[in-house]
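Q: I am new to this structure and would like to go through it step by step. Could we look at it together?
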Amino acid sequence: MYRKQVRRRRAVLVLLVIVSLVLLSSHFSEGSSGPLHGIQRGLATILGPIEEGADRALKPARDLVNWFDETFEARGRNDELEAEVQDLRERVTAADAATKENEQLRQQLDLGPGGGIAGREAVTGRVIGRSPTVWYSTVTIDVGSSSDVAVDDPVITGDGLVGRITDTTAGTAQVTLITDHRSAVSATVVPSGPTGVIKPELGDPDVLLLDFIENDRQVREGETVVTAGWTSGRLASVFPYGIPLGRVSEATAGEQETFDLVHVEPFADVRELDFVEVLTEPGGDGAQNGGSQ
Amino acid sequence: MIVTPKILGRLALIILVAVVLQVAFFSKITILGTSPNILPVIAVCLGLLGGAVVGAVCGFAMGFLLDSALLQTLGVSSLVLLAAGYLAGRYREGFDISNPLVPLALAGGLTLLSAGGFALVQLMLGVESPVSLMALRELFLQSVYGAVLMIPAYPLMRRVLRAALVEEPPRGRIPIPFRTA
């Protein structure tokens with residue numbers, strides 16, 4: 001009797017491990033239109049409204065817990081923010097002058113005021129789910145293909161870029177965050193100008209790494225990093241030019257020369273996302289922009 | 001555990017509620033910069049109450065549902081959570097849980113194992129970016145939160161599944177072996 005139980009237990013374990021491995025490898029090998037992805041989207045479509053309802057119902061409890069955490073954290077950040085305000089005052093003065101100059105140049109070139117994200121329509125989405133891993137990789141939002149959200153659309157908050165759409169159902173979409181290990185965003189430092197690729201440092205959502213492709217000038221701490229928004233023939237970056245990414249937080253000459261990288265503190269906090277905006281292309285059919293970022 | 005259709009329904013409901021709570025609540029709160037994970041804790045509870053088979057099957061189902069809800073790679077969470085449920089069940093089948101701290105220690109340890117296992121599977125699937133030491137802090141804190149969450153979760157699960165538990169005598173009654181005249 002006992003031996004039979006042991007055999008049954010082992011058989012169940014082996015079966016479940018095999019099924020998990022088969023699911024894993026099949027999910028990787030099949031295309032996004034494969035049967036497993038279809039089943040997954042079907043389940044996600046069913047679970048979407050339940051998650052959304054739970055998200056709304058549990059908001060007061062969540063806010064209460066987060067309030068305690070934020071209050072605790074706010075005490076430590078006070079000095080840091082005072083120094084930042086001082087720095088920002090100096091920057092505003094410089095920016096005012098630059099804005100005037102920019103307006104004059106735009107008038108000369110007949111460009112509109114929309115800048116790099118002109119021609120995109122913003123669709124607001126609420127974050128209804130989050131991956132429970134230490135990698136800060138994905139979140140789920142409550143808008144999907146029925147709201148013209150398509151794969152590769154950039155996702156931003158008021159602070160800056162947070163990621164891009166990587167999968168959609170009718171009513172939900174998966175956002176792969178800039179802190180995910182698959183993320184790589186072409187970026188440029190303003191005003192100094194070097195370009196490179198922004199990658200995450202896994203496990204730490206407060207740090208991004210700018211890996212330079214072209215760096216002939218010294219980058220200084222405090223400079224701003226924005227999306228580069230390149231185009232090359234038919235291929236184009238999925239992120240338009242000028243979306244703020246972060247501020248250079250650590251830029252030693254040695255690290256720049258030896259490793260060709262600097263540390264960047266992202267503007268958007270991926271741990272505190274509640275609402276985001278998806279920059280959709282009006283009339284877009286969900287086609288991918290060449291897979292480049 | 002005696003798994004009747006009614007108990008099966010309760011287990012399915014527990015799995016669904018746990019996944020929805022994790023995705024919509026626990027993943028969105030931060031304590032000291034880290035979010036707790038209730039799923040390994042529930043897998044451990046079910047393993048301790050129902051044994052290795054129940055723990056493994058429920059862990060697998062929770063992982064499958066989680067990966068589907070978040071449109072993640074299928075199989076990763078299932079593999080990790082079924083291991084947590086199975087190991088908890090094996091512990092229950094091999095040892096007596098006489099010390100009330102044992103479930104807490106198991107929840108903390110197996111939460112650490114599942115979070116570490118998930119990170120490891122992701123690394124094996126190909127990660128080009130450098131890994132921060134902050135990830136170790138997150139793993140440690142998730143483990144602590146797992147142990148703390150076990151304090152309310154284990155008695156609650158025990159209460160919900162009491163009808164199916166084999167060893168548990170009805171509350172408030174002491175069995176009398178024989179009556180003397």
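Q: How many residues does the contact take from chain A and from chain B?
A: This is a predicted model. In it, chain A gives 46 residues to the contact and chain B gives 45 residues.

Q: Which elements of chain A give two or more residues to the side that touches chain B?
A: They are helix 1 (2–29), helix 2 (35–57), helix 3 (59–109), strand 1 (121–130), strand 2 (138–141) and strand 7 (195–200) of chain A. Helix 1 of chain A provides the largest share of that side, 11 residues.

Q: And by class, what does that side of chain A have?
A: The side of chain A that touches chain B has 23 nonpolar, 12 polar and 11 charged residues.

Q: Let us stay with helix 1 of chain A. How many residues does it have, and what does it reach from its first C-alpha to its last?
A: Helix 1 of chain A has 28 residues and reaches 41 Å between those two atoms, close to the 40 Å expected at 1.5 Å a residue.

Q: Which of its residues are buried?
A: The buried residues of helix 1 of chain A are Leu13(A), Leu16(A), Ser20(A) and Leu23(A). Helix 3 and helix 4 of chain B are included in what covers them.

Q: At what angle do helix 1 of chain A and helix 4 of chain B pack?
A: The angle is about 160°, and the axes of helix 1 of chain A and helix 4 of chain B are 8 Å apart. Helix 1 of chain A is therefore roughly antiparallel to helix 4 of chain B.

Q: Is that crossing left-handed or right-handed?
A: Helix 1 of chain A passes helix 4 of chain B in a left-handed crossing.

Q: Which residues meet there?
A: From helix 1 of chain A, Leu13(A), Leu16(A), Val17(A), Ser20(A), Leu23(A) and Leu24(A) meet Val76(B), Ser78(B), Leu79(B), Leu82(B) and Tyr86(B) in helix 4 of chain B. This contact of helix 1 of chain A with helix 4 of chain B divides into nine nonpolar, two polar and no charged residues.

Q: Now to chain B itself. How many helices and strands does its secondary structure come to?
A: Chain B has six helices and zero strands. Its C-alpha atoms fill a box of roughly 80 × 30 × 30 Å, taken along the principal axes.

Q: What about chain A, how many helices and strands there?
A: The secondary structure of chain A comes to four helices and 14 strands.

Q: What percentage of the residues is buried in chain A, and what percentage in chain B?
A: In chain A, 34% of the 293 residues are buried. In chain B, 50% of the 181 residues count as buried.

Q: Why is helix 3 of chain B described as largely enclosed?
A: Helix 3 of chain B is largely enclosed by the rest of the structure because 18 of its 18 residues are buried. Helix 3 (residues 52–69) of chain B reaches 26 Å from its first C-alpha to its last, close to the 26 Å expected at 1.5 Å a residue.

Q: What follows that helix?
A: Helix 3 of chain B is followed by Leu71(B), whose phi is positive, near 55°.

Q: Back to helix 4 of chain B. At what angle does it cross helix 5 of chain B?
A: The axes of helix 4 (residues 76–94) and helix 5 (residues 101–124) of chain B cross at roughly 155° and come within 9 Å. These two helices of chain B are therefore roughly antiparallel. Helix 4 of chain B passes helix 5 of chain B in a right-handed crossing.

Notes: Residues numbered from 1 in each chain as written. Chains lettered and ligands numbered in written order. Predicted model: local features only at pLDDT ≥ 70, side-chain atom pairs only at ≥ 80, totals over all residues. Axes fitted to C-alpha atoms, helices over the stretch in contact; angles between N-to-C directions. Parallel < 35°, antiparallel > 145°, perpendicular 65-115°, else oblique. Left-handed = near helix turned anticlockwise from the far one by under 90°. Contact = placed C-beta atoms within 7 Å. Nonpolar A, V, L, I, M, F, W, Y, C, P; charged D, E, K, R; others polar. Expected span 1.5 Å × (residues − 1). Buried ≥ 20, exposed ≤ 12 C-beta atoms within 10 Å, placed from the backbone.
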